[in-house]
Amino acid sequence: MWVRTRATVAGGVVLILVAVIAIWLVVRQVGDNLTLPLMARKCTVQADGRVALDADQMANAATIAAIGAKRGMPERAVVVALATAYQESGLRNLADGDRDSVGLFQQRPSQGWGTPAQIRDPRYAANRFYAALKKVRGWEKMRVTDAAQRVQRSAFPEAYQKWADDSEVLSRALLGDASGAVACTVGRTPVMHGAAAAAQLTRNLVLDWGLKGTDPTDPTGLAVTPGDQRDGWRYAHWLVSHAQDHGVKRVRFGDLEWTARDGSWGRVDGRQSPAGQVVAEVFNEG
């Protein structure tokens, strides 16, 4: 009996080792093309294509797109910026990297991009990237990877191209070319809530988009009057993208509404957001 048990255990150990080795070989073969299961991703973007991101990646992508629009850069520039951040950091605001590289775009203080603290600010980093891209003659007609490489001067100049399709999907949604295209699931414990969440949400919306006249004193959320339908979806998608880190409970634009409870957009029968506004509500205190 004891010998049989030991044999069974030994056989189980061998099977586990074989499985581990097999997984290691798959990871080694697939490399950069390996993606996490969708269950680990909290946000989905659908705009003539589908992209899945976690909450941090989604928030960073939304800010990169907003800064590009705020600067008056064409959509193609946003695609290049997103593809660059995808490759350099996985759309994460990294504290370090290769040599002295920092942040979303892995910009280097030693190469004149700014101080580490400045580069860790996503708005600063995005602004510096767009400013550098604008100086590249003819970037608009280049492939995504070629335009990105002229700014980044990477040792792997072709690496950015594999993110071009996903970046185009993100750009279409985040720049308002699709309705109800960004949907995020928010955890039961948001990072912020109440008046503090509403104030921070308003402040960051203004910083990213350059809006004026937005009231930062409403403790329940905010309302923004867009110039047109496209602007409305830009702001609505930005709000959903930042739902997890700003405690957003509900976003409504037109006759569509996103809720943290469902994590998706649905039609609101017989009711539209007032005066064509984009309306966001935050989680209450406590």
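This is a predicted model: local features need pLDDT of at least 70, side-chain atom pairs count only at pLDDT 80 or more; totals for chains, interfaces and linings use all residues.

Trainee: How many helices and strands in the protein?

Mentor: There are 10 helices and 8 strands. The chain has 286 residues, and 45% of them count as buried.

Trainee: And what share of the contacts joins residues at least 24 apart?

Mentor: That share is 61%, taken among contacts between residues at least 6 apart in sequence.

Trainee: Let's do the core. Which residues touch the most other members of the largest nonpolar core?

Mentor: Tyr130, Leu170 and Val251 do, in a core of 80 residues. Helix H3 gives the most to this core, with 9 residues. In general, nonpolar side chains tend to be buried together in soluble globular proteins.

Trainee: What does leucine 170 touch?

Mentor: Leaving out residues up to four places away in sequence, leucine 170 touches Val45, Val51, Leu53, Met58, Ala61, Leu82, Tyr86 and Leu91. Leu170 is also one of the buried residues of helix H7, which spans residues 164-174.

Trainee: Which others in H7 are buried?

Mentor: Ala164, Ser167, Val169, Ser171, Ala173 and Leu174 are on that list too. After H7 comes glycine 176, with a positive phi near 85°.

Trainee: What does isoleucine 64 touch?

Mentor: With residues up to four places away set aside, isoleucine 64 touches Ala81, Leu82, Ala85, Leu91, Leu104, Phe105, Ala126 and Tyr130. Tyr130 is one of the core residues I named for touching the most other members.

Trainee: How far apart are isoleucine 64 and alanine 125?

Mentor: In sequence, 61 residues. In space, isoleucine 64 and alanine 125 are 8.8 Å apart, C-alpha to C-alpha.

Trainee: Buried or exposed, leucine 91?

Mentor: Buried, because leucine 91 has 0% relative accessibility. Arginine 99 is found in that loop between H3 and H4 as well. Its phi is positive too, about 55°, and arginine 99 is not a glycine either. But arginine 99 counts as exposed, because its relative accessibility is 64%.

Trainee: New topic. How many disulfides does the structure hold?

Mentor: It holds 1. Cysteine 43 and cysteine 184 form it, with their sulfur atoms 2.1 Å apart. The pair links distant parts of the chain: cysteine 43 sits in strand S1 (residues 43-46) and cysteine 184 in strand S3 (residues 182-184), 141 residues apart.

Trainee: Which hand is the link?

Mentor: Right-handed, with 115° about the S-S bond. Both cysteine 43 and cysteine 184 are buried.

Trainee: What about cavities? How many of 30 Å³ or more?

Mentor: The search of the whole structure finds 1. About 30 Å³ of space lies in the largest cavity.

Trainee: How does the pocket lining split by class?

Mentor: Into 10 nonpolar, 8 polar and 8 charged residues.

Trainee: Last one. Asparagine 204: why does it count as buried?

Mentor: Because its relative accessibility is 8%, and buried means under 20%. Asparagine 204 lies in helix H8, residues 194-209. Beyond its neighbours within four places in sequence, asparagine 204 is in contact with Arg123, Trp238 and His246.

Definitions and conventions: Residues are numbered from 1 along each chain as its sequence is written. Side-chain values use heavy atoms; hydrogens and water are left out. Ala, Val, Leu, Ile, Met, Phe, Trp, Tyr, Cys and Pro count as nonpolar, Asp, Glu, Lys and Arg as charged, and the others, Gly among them, as polar. Buried means under 20% relative accessible area, exposed over 50%, partly exposed in between (1.4 Å probe, protein chains only). Helices (H or I, at least four residues) and strands (E, at least two) are DSSP runs, numbered from the N terminus. A nonpolar core is a set of buried Ala, Val, Leu, Ile, Met, Phe, Trp, Tyr and Cys residues joined through side-chain atoms within 4.5 Å. Contact means heavy atoms within 4.5 Å. A disulfide is a pair of cysteine sulfur atoms within 2.5 Å. On a 1 Å grid over the protein atoms alone, a cavity is a set of points where a 1.4 Å probe fits but cannot get out, and a pocket is an open set with protein on both sides within 12 Å along at least five of seven lines; lining residues have an atom within 4 Å of a point. Grid points are joined across faces, edges and corners, and a volume is the space filled by probe spheres set on the points.
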